[in-house]
Amino acid sequence: MDARRELAAAVLGAAVAGALALVSGGQRWAEATTERQPPLPPVVEVLSGADTAPLVPATGLVLLAAAVALLAVRSAGRVAVGLLMAVAGGVLAWSGVRVLTGGLEDAVRTVDLSPAWPVLAAVAGLLGAAAGLLVVLRGRSWPGMGRRYERTAEGTDPRTDATPVPARPQTDEDRAQAAWKALDRGEDPTA
């Protein structure tokens with residue numbers, strides 16, 4: 001697999017994992033029934049993913065932001081983003097598994113669990129963690145954004161940052177603007 005495809009796979013993995021986390025976090029994960037003394041009826045509460053596992057939507061946002069950040073940063077910054085992705089994916093997977101293994105059970109209420117959405121969150125977490133590990137292991141060799149738009153020192157070629165660019169001749173308008181800029185700085189342009 002070449003470097004561009006690996007980068008695309010990591011970005012796509014982070015974006016898909018983040019989107020799945022946000023979608024599953026907004027769905028109905030469980031229904032909790034709290035029994036009350038007769039003649040009062042039981043209280044039924046519908047719990048979304050954000051209610052049962054508040055870290056699910058948060059990690060979804062982190063993974064989406066990391067997908068964008070992967071395109072903007074290089075080398076060491078990319079490795080840091082990859083570590084963040086791996087941690088966010090692990091937290092997301094743990095949140096889904098915790099709900100599936102009875103993390104919602106309470107002595108006061110009974111919980112009817114809908115396992116599809118926590119499973120989807122756990123799968124999204126595994127995808128996010130895998131994409132993060134791919135970034136950590138291989139991200140330094142991937143291409144970065146072009147340096148075309150970065151600021152360079154005056155008189156250097158932005159494509160190489162070293163080759164001097166021939167200066168164009170200074171016009172009367174350039175000299176007039178330089179004089180006004182000198183006045184703005186508090187300097188005497190005639191000196």
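Student: At what angle do α1 and α4 pack, and how far apart are their axes?
Tutor: Keep in mind that this is a predicted model. Two packed helices are described by the angle between their axes and the distance between the axes. For α1 and α4, the angle is about 35 degrees and the axes are 12 Å apart.

Student: Which residues of α4 make that contact with α1?
Tutor: α1 brings Leu-7, Ala-10, Ala-14, Ala-17 and Ala-21. By class, the contact has 7 nonpolar residues, no polar ones and 1 charged. The α4 side consists of Arg-78, Met-85 and Leu-92.

Student: Is α1 roughly parallel or roughly antiparallel to α5?
Tutor: Their axes come within 8 Å and cross at roughly 155 degrees. Angles over 145 degrees count as roughly antiparallel. Therefore α1 is, relative to α5, roughly antiparallel.

Student: How many nonpolar residues are in the contact of α1 with α5?
Tutor: Ala-10, Ala-14 and Leu-20 are among the α1 residues there, and they meet α5 residues including Leu-120, Ala-124 and Val-135. The contact also holds 3 polar and 2 charged residues. The nonpolar count is 15.

Student: Which element gives the most residues to the largest nonpolar core?
Tutor: That core has 23 residues, with Trp-29, Val-56 and Met-85 among those with the most contacts inside it. α1, α3, α4 and α5 each give two or more residues. The top contributor, with 6 residues, is α1.

Student: What is the handedness of the crossing of α1 and α5?
Tutor: Take α1 and α4 alongside it: α1 passes α4 in a left-handed crossing. The crossing of α1 and α5 is left-handed.

Terms used
Residues numbered from 1 in each chain as written. Predicted model: local features only at pLDDT ≥ 70, side-chain atom pairs only at ≥ 80, totals over all residues. Heavy atoms only, no water. Core = buried A, V, L, I, M, F, W, Y, C linked by side-chain atoms within 4.5 Å. Buried < 20%, exposed > 50% of the residue type's maximum accessible area, 1.4 Å probe, protein only. Helix = DSSP H or I, 4+ residues; strand = E, 2+ residues; numbered from the N terminus. Axes fitted to C-alpha atoms, helices over the stretch in contact; angles between N-to-C directions. Parallel < 35°, antiparallel > 145°, perpendicular 65-115°, else oblique. Left-handed = near helix turned anticlockwise from the far one by under 90°. Contact = heavy atoms within 4.5 Å. Nonpolar A, V, L, I, M, F, W, Y, C, P; charged D, E, K, R; others polar.
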